[in-house]
Structure formats: C-alpha cells, structure tokens
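Q: I would like to learn how to read the features of a model like this one. Could we go through them in turn?

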Amino acid sequence: MKRNRSYYIILVLILFVVTYSAYAAYQKQKNGPVFLDNHVFQRYNEQWGLWVDLNAEKKSLLEKASEFGILAQEVMEINQLKEADLGRLKRSIFFPYSAEYMRGLQERELFRETVESPIDQFIWPVLPNNKSRISSRIGRRWNTWHTGLDIAIPKKSIVLAAADGVVEEAGRGGDYGLAVKIYHHDMNHFHTVYGHNQELLVKPGDEVRKGQIIAFSGNTGKSTGPHVHFEVRFHNVYLNPENFLTPYEEGVATSIVGFAD
C-alpha cells in the first residue's frame, strides 16, 4: 500500500514538473519581444510581403509581382481575386515576397522594430514614432461618454493588431467609420476595436498576430481629424485601454532588430 502511494506521489510530481516546464516555455515564448510590421515587412495569412495600391503606383499586377519575384497567380489566390476584378481594383492588395527577394532585403540590412510585451498585455496599435500622440482618453467628453483611446496620427499610417486573435468584424460601422473588431481568445476573451481607418486590410475570419498590420489610419466616420480610435471591451463593457497597455512613454520605446520570424 505504501509502495503504491509512493508511486502515485512520484507520478504526480513528474506531471507537475512536465506541466510547469511546458508552461514556463510557453510564457518565455509569449513574453518575448514582439516584431512590428512596418513599411517593408508586412504579414498576411502567415506570409511575408507588402500591401500595395497599384493605382497609386501606376503599375500592373504582373509588373509588381515580377518585382517581388512571384507569379501573378499567387497574388490572385492570396487576395481571392478573379480576372474580372483586375480592371476595377480600388484597394490595396497583398503581394507575398519570394525567398530571393527576402534575401535581398536582408542583404540591404533593412530592419524592423520590436517592443517588449507580456502575454497579458496589449501593444500600442500604432508604430512608435514622434508623429503619434494621445488626443483623447476614455471618459466623459462633450456631454457624452468617450468609449476608447484616441491616438492622433497622420492619414495612411500603419495600424497594428494589439494581440493575437481572430477578426470578427471589418467594415463600415456608423460613427466608427471603417473599423476592425478582433476577438482575443487567449486574452480572457477580450475584444479590441480600431476605428476611423482609411482602408482595411483584413476581413472577418482572418487570424492575426500581435504586431501585424490590419489597416491604414484615416478620418472616416464621426471624426475631427486623422486618428485611431482604440477600444478594449469585455462582454461589451468598455474598459480603459491604458490599463492593459504599458505607459505611453514606455510603450513607444523600441529596440531595432534584423529580420526574423
């Protein structure tokens, strides 16, 4: 009887050690630096590439695909485009990079920025630079309740996913203008919302990663100037986003790193 009890205790200890080791490894992995998409390195559907407005560049899909060393058909597939769509494109489309093009970027020593972010914290939804500032916080404003954090930033700036999650909504949403709503299943089932964008780069059902580009900022909806309206919700209760972010001054401090996954 005592021997069976000893075996049981040893088994429980082994399970505890294995579970704790796995958890510690998971925490270490998730608590590391977060790589931020920028104007060179961007992600979509787990591929590296770049969102391109062909009308602005005055180039054809075939010309741009050749520049990145890929086939036009690859671009069509990842963007779910048909031949009939090509003559009336009014949005940016994603061009994945070829392996050769990626090596060229590395050789040119182009960089990405990182921020330190614990697993239970959101990152700021804009790239760290001197052109962004908090223009309005959550709370009473103009005799109404302001439900989120406004970050003033130039039009067409990159908007980032604050954490891993799944896009629930992406489209025009009344006063929010063009907005994205993300469900964060690994963060206590919170939702984040990003409003007043100029262009959306994701659609409902897309899985996104922390630091991934999801939109270009703008001034759509009920807005007095270009900015990102950022909300954190829990079961439709509006929470103060600053309680889930590092302080603004610390949140924009970054280290510069080379390309990595």
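Q: Which residues does Glu199 touch, not counting residues up to four places away in sequence?

A: This is a predicted model in which residues are numbered from 1 along each chain as its sequence is written, local features need pLDDT of at least 70, and side-chain atom pairs count only at pLDDT 80 or more, while totals for chains, interfaces and linings use all residues. Side-chain values use heavy atoms, with hydrogens and water left out. Contact means heavy atoms within 4.5 Å. On that basis Glu199 touches Arg91, Ser92, Lys156, Leu178, Ala215 and Phe216.

Q: Where is Glu199 found, and is Glu199 buried or exposed?

A: Helices (H or I, at least four residues) and strands (E, at least two) are DSSP runs, numbered from the N terminus. Glu199 is in strand β13. Buried means under 20% relative accessible area, exposed over 50%, and partly exposed in between (1.4 Å probe, protein chains only). Glu199 has a relative accessible area of 12%, so Glu199 is buried.

Q: How many residues does the largest nonpolar core have?

A: A nonpolar core is a set of buried Ala, Val, Leu, Ile, Met, Phe, Trp, Tyr and Cys residues joined through side-chain atoms within 4.5 Å. The largest one has 42 residues, and Phe122, Val180, Ile182, Tyr194 and Ile214 have the most contacts inside it. Elements giving two or more residues to this core include β12 (178-184), β13 (190-200) and β15 (213-217). The most comes from β15, with 4 residues. Another core, apart from this one, has 18 residues, including Leu54, Leu61, Phe68 and Leu105.

Q: What describes a pair of aromatic rings?

A: The distance of the centres and the angle of the planes describe such a pair. Rings of Phe, Tyr and Trp (its six-membered ring) pair if their centres lie within 6.5 Å; planes under 30 degrees apart count as stacked, over 60 as edge-to-face and the rest as tilted. The count by this rule is 13 aromatic pairs. In one of them, Tyr44 and Phe94 have ring centres 5.8 Å apart and planes at 55°, so the pair is tilted. Tyr44 belongs to strand β2 (residues 42-44) and Phe94 to strand β4 (residues 93-96), so the pair ties together parts that are 50 residues apart in sequence. Tyr44 and Phe94 are both buried.

Q: Which residues do ring pairs link into a cluster?

A: The cluster consists of Phe68, Phe95, Tyr97 and Tyr101. Tyr97 is buried at 10% relative accessibility, whereas Tyr101, at 22%, is partly exposed.

Q: How many helices and strands does the protein have?

A: The protein has 6 helices and 18 strands. Of its 261 residues, 45% are buried.
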